[in-house]
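Here is a friendly walk through one protein chain. Please keep the view open beside the text as you read.

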Amino acid sequence: MAFEPPRRLVRALGETAPEGDDWLEKLPELVREAVERRELTVERVQLPGGRSSLVVLVRRADGTPAVLKLAPPRARPQSERVALAHWGGRGAVQLLEPVSEGSEGVLLLERLHPDVSVRTLPEAKALLEAAGTLRRLWVDPPEGHVFETVAERTGRQAKAMRAGADAVPEVAPLVDAALSAREELLDSPPEHRLLHGTFRQSKVLSGDRMPWLAVGPDPVVGEHAFDLARLVRDRVEDLIAQPSGATTTRRRVRRLAESLEVDRDRLRGWTLFRAVESGVRARRVGRERDAELLLEFASWL
C-alpha cells in the first residue's frame, strides 16, 4: 500500500518523538504487513486522522467493514487493547481480534462512522451524550492490571510543568496552583476505576450497534473527576471567544459534576491541572496559540 502519512500525524509525532525513533519511516511497511496478515482490503486512510496513530478504513475477507489502527509504542497501544477487551464493547468501540503474533501496535476494530462525532451536535446535547458515554466506561479495572495510575501519569507531567515554569516565569503562578491542586487531590482519591484517559467530544463516534461509542482511549486508573476534567474544556476556542466564557466554564463544571455525581471541587482541581499541563506542553513544542487559549481558560478556574 503506497501512501503518505497524514500531515497531522507527522507533525504531532514530530513534536514528541525521542531521538532515533523511526516508527514513521517504518509505517508503510507496517501497514502492508498488517493488511496482508489479516487479508484486508484497504478503502482509505482516515483524514485528518489522529495525533498518535494511523487509522485505515478496511474490509475483512468476508466484506465486513472494519478499522485498522497502528500506533507507535509510546502511544501505549497494548494498554488500549487491554482496556477495549475489558470493556467488551460496552460504551466503547469493539475489538475484533485477540492478541496474536504480529498484533503488537496494531488494533483491528469495529467500524463506526468516523466523520460523525458528538461534536457535530449542539453544545448542550453534545455534552449530555458524551457524559452518558463516559459513565459506561467507569468500571473496576481487571485484576492484576498494569495500567498507569493517575498519580503516576500526572507525576511525570508535573516534572515537565515545573521545567516549563522555570523557562517561562509568567506561567509560574498557574503552574504552582495546578501542582498544589494535584497534591491535594492525590491525598484522598474517592475511587480507583478504569478511565478513558483522554476523553473529549471528538472521541465519541456514531455507531450502528449503539448510538455513540468511545474510541482512542489512553487508559489510566484513578478517580472519575480526572476523566471528566478533559471534557470540561471541550470547544475551548468557543469559550474564549465568549464575553461570558469564564461564567460559562464555571457553570459547565457545576453541571457536569452534578450530572455524573462527581465532587465539584475535585473536578475543578483536575480541570485546572490538565488545562495547565496541556498549555505548558503546547508552549514547549511551539503551539503558542493553543497555549494561550489553554492558559487563559485555566485562569478562570
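This is a predicted model: local features need pLDDT of at least 70, side-chain atom pairs count only at pLDDT 80 or more; totals for chains, interfaces and linings use all residues.

Residues are numbered from 1 along each chain as its sequence is written, and side-chain values use heavy atoms, with hydrogens and water left out.

**The sheet and its helix**

Let us begin with the open sheet, where four strands follow the order β1-β2-β3-β4 with antiparallel pairing. Helices (H or I, at least four residues) and strands (E, at least two) are DSSP runs numbered from the N terminus, and two strands pair if DSSP finds at least two bridges between them. β1 (41–45) and β4 (106–110) are the edge strands; each has a single partner strand, so one side of each lacks a neighbour in the sheet. On average, neighbouring strands here are turned by 30 degrees against each other, direction ignored.

The pairings are set out here, each with one pair of facing residues.

| Strands | Bridges | Facing residues |
|---|---|---|
| β1 and β2 | four bridges | V42 and V58 |
| β2 and β3 | six bridges | L57 and V67 |
| β3 and β4 | five bridges | L68 and L108 |

The hairpin of β2 and β3 has five residues between its strands, and G63 takes a positive phi near 90 degrees there. Helix α2 (residues 23–38) lies across β1, β2 (54–59), β3 and β4, and runs at about 145 degrees to β3. Such angles run from 0 to 180 degrees between N-to-C directions, with axes fitted to C-alpha atoms, for helices over the stretch in contact. Contact means heavy atoms within 4.5 Å.

**Two nonpolar cores**

A nonpolar core is a set of buried Ala, Val, Leu, Ile, Met, Phe, Trp, Tyr and Cys residues joined through side-chain atoms within 4.5 Å. Buried means under 20% relative accessible area and exposed over 50%, with partly exposed in between (1.4 Å probe, protein chains only). The largest core has 71 residues, and V175, L228, L267, W270, V276 and F297 have the most contacts inside it. Helix α10 (residues 264–284) gives the largest share of this core, seven residues. Beyond residues up to four places away in sequence, L267 touches A225, L228, A229, V232, V253, L256, A257 and V262. A second, separate core of 17 residues includes W23, L27, V56 and L70.

**Helix α9**

How far apart are the end C-alpha atoms of helix α9? They are 21 Å apart, which agrees with the 21 Å that its 15 residues (245–259) should span at 1.5 Å a residue, where the expected span is 1.5 Å times one less than the number of residues. In α9, the buried residues are G245, A246, T248, T249, R252, V253, L256 and A257. They cover an arc of only 165 degrees around the axis, so they sit on the same side of α9; the arc is that of the directions from the helix axis to the C-beta atoms. The buried residues of α9 pack against α4 (123–137), α7 (224–232), α8 (236–241), α10 and α11 (288–299). The face turned away from that buried side carries the exposed R255 and E258. After α9 comes E261, with a positive phi near 55 degrees.

**A closer look at A214**

A214 lies in strand β8 (residues 212–214). Is A214 buried or exposed? At 2% relative accessibility, A214 counts as buried. Leaving aside neighbours within four places in sequence, the contacts of A214 include G91, T133, L137, H196 and F199. R200 is 14 residues from A214 along the chain, and their C-alpha atoms are separated by 9.2 Å.
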